[in-house]
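Please read this briefing alongside the sequence and the coordinates. Topics are grouped, and each point can be checked in the viewer.

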Amino acid sequence: MNAHINYLFIALIFILTAGCKHEKKEIKISDENKTEISAKKPDSLIKKPEPKPLEPGTKAPDFNLPGIDGKNYTLSDFNDYETLVVLFTCNHCPTAQAYEEKFIQIVNQYQNKNVGFLAISPNATRAISLSELGYSDMGDSLEEMKLRANQKGYNFPYLYDGDTQQTSLAYGPLATPHVFVFNKERILKYSGRIDDTENPYIQPKTTDLINVLDALTAGKEVTVNKTKTFGCSVKWSWKNDWVKKQKEQWAEEPVSLNEISLPEVGEMIKNDSDKLRLINFWATWCGPCVMEFPELININRMYRDRDFEFISVTTDKMNKKEKALELLKKKEASNVNYIYSGNDVYELIEAVDKNWQGSLPYTVLIAPGGEVLYKVEGTFDPPVLKKTIVDYLGRYYADNK
């Protein structure tokens, strides 16, 4: 009997050991609560597209993209034109903005010469960091494209390709702006820059796009059919890892809250610094203050790498300092933060602005030397504030001081 039991025990061990030698498989639960074998590859092993500009002599790829006017456009919508200019551009890029007026003028100059024009924004919004918007008051979403076109008076269709980027991959722009010019058969005759300078304050030596259009409208051959481009890189959707990393870095930045006296408030308002200064007066008990604060953090992250600084001043009582600091940490407010140390809030109001009636929040934008560019009692208007900031700091690389 004992021998028989020992035999069974050994057999059982053998079966269990053999079962352990089978290759392990990753099991996941599907939405229908059924088990299935996962064959998903890690993101690092997934092959990413490699954009490459369309070569001269190539046929124009078709597209179907939404425009700012609510219509969808395809290549056939431009069949009536002998020549077609496709510009890849965007809202936020300083170089793209530097060419806006030039392109509008070129459209005015050639639209009566049977030349069609359209612009396409290729950027994926998820791959754009706030720190890349330092020269703009707008991002690259379709809604912001509508605002930008209306603001500048675009005289051409402006299409959005930020969701799938399939059209952008087909044409292959690597930077904005990048123009592609096609003849009547929609064969690419030119790919490259608009001209040889991104500085809108000086005259270009070579007006490449105009030279190409002059040749095509005169029935002549294009002598230079390809140039390099200079500008902001296209924001491809799969290149957003560093955007996530930057958000993590911002979240780890230290947040502090220091005391400020009445005389120091007066000095702060004078702004004897060399930076554009945005100041927000708030309190933890003020609902609108707390509601709008994240947008102030976004604005700081957009412009803080330029000659700009954001300062917040809480009017909470000193015994609420820890509560105020806790809220600032929650909002990731790594900017300069103060708590008013005086006992009389009305003295603070007078020191800041004699016309301030005392309601919170109160926001003021002060240029170096003390000139007030923007101020508001109550919640501020983000588009108006951002435009005021950029109009002062400048939209182009050439505006750097």
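Is phenylalanine 281 buried or exposed? Phenylalanine 281 is buried, because its relative accessible area is 0%. The model is predicted. The protein chain has 12 helices and 17 strands, and buried residues make up 45% of its 401 residues.

**Chain as a whole**

- Among contacts with a separation of 6 or more, 74% in the protein chain are between residues 24 or more positions apart.
- The protein chain has an accessible surface of about 21600 Å², and carbon and sulfur atoms account for 51% of that area.

**Aromatic pairs**

- There are 18 aromatic pairs in the structure.
- One of them joins tyrosine 171 and phenylalanine 180 in an edge-to-face arrangement, with 5.7 Å centre to centre and 75° between the planes.
- Tyrosine 171 is buried, at 0% relative accessibility, and phenylalanine 180 is buried with a relative accessible area of 0%.
- Phenylalanine 281 and tyrosine 362 form a tilted pair, with centres 6.1 Å apart and planes at 50°.
- Because phenylalanine 281 belongs to strand β13 (residues 276–282) and tyrosine 362 to strand β16 (residues 362–366), this pair ties together parts that are 81 residues apart in sequence.
- Tyrosine 362 counts as buried because its relative accessible area of 3% is under 20%.

- One aromatic cluster is formed by Phe103, Phe117, Tyr154, Phe156 and Tyr158.
- Arginine 306 lies over the face of tyrosine 135, at a distance of 3.8 Å from the ring centre.

**The five-stranded sheet**

- Five strands form an open sheet in the order β7-β6-β5-β9-β10, and their pairing is mixed.
- The edges are taken by β7 (158–160) and β10 (188–192); each has a single partner strand, so one side of each has no neighbour in the sheet.
- On average, neighbouring strands of this sheet are turned by 20° against each other, direction ignored.
- Helix α3 (residues 100–110) lies across β5 and β6 (115–121), and it runs at about 155° to β6.
- Helix α4 (residues 142–152) also packs on the sheet, where it touches β6 and β7; the direction of α4 makes about 170° with that of β7.

**Strand β9 and its partners**

- Strand β5 (residues 83–88) and strand β9 (residues 178–182) run antiparallel and are joined by five bridges.
- Across these two strands, valine 86 has phenylalanine 180 of β9 as its bridge partner, and phenylalanine 88 has histidine 178 of β9.
- β9 and β10 also run antiparallel, with four bridges between them; the bridge partner of phenylalanine 180 in β10 is serine 191.
- The hairpin of β9 and β10 has five residues between the strands, and arginine 186 in this hairpin takes a positive phi near 60°.
- β9 is mostly covered, with five of its five residues buried.
- In a regular strand the side chains alternate between the two faces of the sheet.
- In β9, His178, Phe180 and Phe182 point one way, Val179 and Val181 point the other way, and all are buried.

**Serine 168**

- Where does serine 168 lie? Serine 168 lies in helix α5 (residues 166–171).
- Serine 168 has a relative accessible area of 0%, so it is buried.
- Leaving out residues up to four places away in sequence, serine 168 touches Phe88, Pro122, Asp161, Pro173 and Trp236.
- One of these contacts, Phe88, has a bridge partner in β9, histidine 178.

**Lysine 321**

- Lysine 321 lies in helix α10 (residues 321–330).
- Lysine 321 counts as partly exposed because its relative accessible area is 22%.
- Which residues does lysine 321 touch, not counting residues up to four places away in sequence? Lysine 321 touches Leu257, Glu259 and Ile339.
- Lysine 321 and asparagine 258 are 63 residues apart in sequence, and their C-alpha to C-alpha distance is 9.2 Å.

Conventions. Residues numbered from 1 in each chain as written. Predicted model: local features only at pLDDT ≥ 70, side-chain atom pairs only at ≥ 80, totals over all residues. Heavy atoms only, no water. Phe/Tyr/Trp six-rings, centres within 6.5 Å; stacked < 30°, edge-to-face > 60°. Buried < 20%, exposed > 50% of the residue type's maximum accessible area, 1.4 Å probe, protein only. Lys NZ or Arg CZ within 6 Å of the ring centre and 35° of its normal. Pairing = 2+ DSSP bridges. Axes fitted to C-alpha atoms, helices over the stretch in contact; angles between N-to-C directions. Contact = heavy atoms within 4.5 Å. Areas by Shrake-Rupley, 256 points an atom, 1.4 Å probe, with all protein chains shown as cover.
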